[in-house]
Amino acid sequence: MRETIPIQERIAVTLRFFATGDSYASLSYLFKFSKQTISRCIDDVCKAIIQELKEEIKLPENEDEWLCIAQQFEISGTFRTVWERLTGNTVVLLALVDAHYCFTFVDIGYQGRLSDGGVFNNSVLLTKLKMEQLKLPHDSKLQPLGKNSPCVFLGDSAFALSRHVMKPYPGNFEKGSTQRIFNYRFSRARRVVENVFGIMTSVFRVFRKSTALQPDKVSDVTLACVLLHNFMRKSASSSSSYSTPGTFDTEADGEVVP
């Protein structure tokens, strides 16, 4: 009988695929495995990562946890009383991201022909939102006006405006206008998620290439990389090396409002 491929080599093959997006033929030449074996190794390791790290992505379970995320956005000076940002990407990956550059919710596998708004309209997240299962905080007063406001998710212009989904004002506005200032602050908060995707794709370059994998395999690879991203962002031993100083798109002190 042939010897079983050591787990270290299975992981090495998978991480090489994540990091480079090399074809199975190229990986077969490098590791001296057949393409079929390469495929099985990647499938098995992806499933093991998903099973082992599945708790790395969790929606907040109560009002205090939502408020904690809101406070982090407020401390960073991006957008007052905003909880998380909603986005779509062409994988198609629908995600919520917190102020620490970690995913708190992902929904993977929709057809690329759907718009971002269409993906959201068919998502588990919207279902939970409509059924009031997210346990969002109660409305709170915004200072200095003192008006009650609900917590909101930030989305781009593709999403429909609603009670809990905020989007920028459409069009161009004069310098110093309320709408332009709002859109500027809005874009600063949305920049957090752009950084998240930028970090992940700079490390897992499999997302920079087209792939011949079946949709279910693409979903497994994507989820495994998202979980690894959260794990390395949260781990004290890997956070600084995974996202080194200068990684994030930031602004100098002394903000200039447009």
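These legends walk through several close-up views of one predicted model.

Residues are numbered from 1 along each chain as its sequence is written, and side-chain values use heavy atoms, with hydrogens and water left out. Because this is a predicted model, local features need pLDDT of at least 70 and side-chain atom pairs count only at pLDDT 80 or more, while totals for chains, interfaces and linings use all residues.

**View 1. How confident is the predictor along the chain?**
Let's start with pLDDT, which is the predictor's confidence in each residue, from 0 to 100. The chain has a mean pLDDT of 81, and 83% of its residues reach 70 or more. Helices (H or I, at least four residues) and strands (E, at least two) are DSSP runs, numbered from the N terminus. A word of caution: where pLDDT is low, the predicted coordinates should not be read in detail.

**View 2. Helix α3 and the helices it packs against.**
Helix α3 covers residues 35-53, 19 residues in total. From its first C-alpha to its last it reaches 27 Å, close to the 27 Å expected at 1.5 Å a residue (the expected span is 1.5 Å times one less than the number of residues). Now for what is hidden: buried means under 20% relative accessible area, exposed means over 50%, and partly exposed is in between (1.4 Å probe, protein chains only). The buried residues of α3 include Thr37, Cys41, Asp43, Val45 and Leu53. Which elements do the buried residues of α3 pack against? They pack against α1 (7-20), α2 (24-31) and α8.

**View 3. The nonpolar cores.**
In soluble globular proteins, nonpolar side chains tend to be buried together. A nonpolar core here is a set of buried Ala, Val, Leu, Ile, Met, Phe, Trp, Tyr and Cys residues joined through side-chain atoms within 4.5 Å. The largest one has 41 residues, and Phe17, Phe18, Ile42, Phe103, Phe204 and Val221 have the most contacts inside it. Elements giving two or more residues to this core include β2 (93-97), β3 (103-108) and α7 (178-203). Its largest share, eight residues, comes from α3. Zoom in on Phe103: beyond four places in sequence, the residues it touches include Leu93, Val97, Phe197, Met200 and Val226. Apart from this core lies another, of 16 residues, among them Leu94, Val119, Leu136 and Phe153.

**View 4. Salt bridges across the chain.**
Side chains of opposite charge can pair when their charged atoms come close. A salt bridge is a side-chain nitrogen of Lys or Arg within 4 Å of a carboxyl oxygen of Asp or Glu, and the whole structure has eight. Arg10 pairs with Asp44, with 3.4 Å between the closest N and O atoms. This pair links distant parts of the chain, as Arg10 is in helix α1 and Asp44 in helix α3, 34 residues apart. Asp44 counts as partly exposed because its relative accessibility is 41%. Arg163 and Asp139 also form a salt bridge (2.7 Å, N to O). Arg163 lies in the loop between β6 (152-154) and β7 (165-166), and Asp139 in the loop between α6 (124-130) and β4 (140-142), so the pair ties together parts that are 24 residues apart in sequence. Arg16, Asp22 and Lys209 are linked in a network of salt bridges.

Glu56 and Lys234 meet in a salt bridge (3.7 Å, N to O). Glu56 lies in the loop between α3 and α4 (63-75) and Lys234 in helix α8, so this pair ties together parts that are 178 residues apart in sequence. Is Glu56 buried or exposed? Glu56 is buried, with a relative accessible area of 19%. Phe231 sits in helix α8 (residues 215-234) and is partly exposed, at 37%. Leaving aside neighbours within four places in sequence, Phe231 is in contact with Leu53, Glu56 and Ser238.

**View 5. Cysteines without a disulfide.**
The structure holds zero disulfides (pairs of cysteine sulfur atoms within 2.5 Å). For Cys225, the nearest cysteine sulfur is that of Cys46, 7.0 Å away. Cys225 is buried, with a relative accessible area of 0%, whereas Cys68 is partly exposed at 40%.

Definitions and conventions:
Contact = heavy atoms within 4.5 Å.
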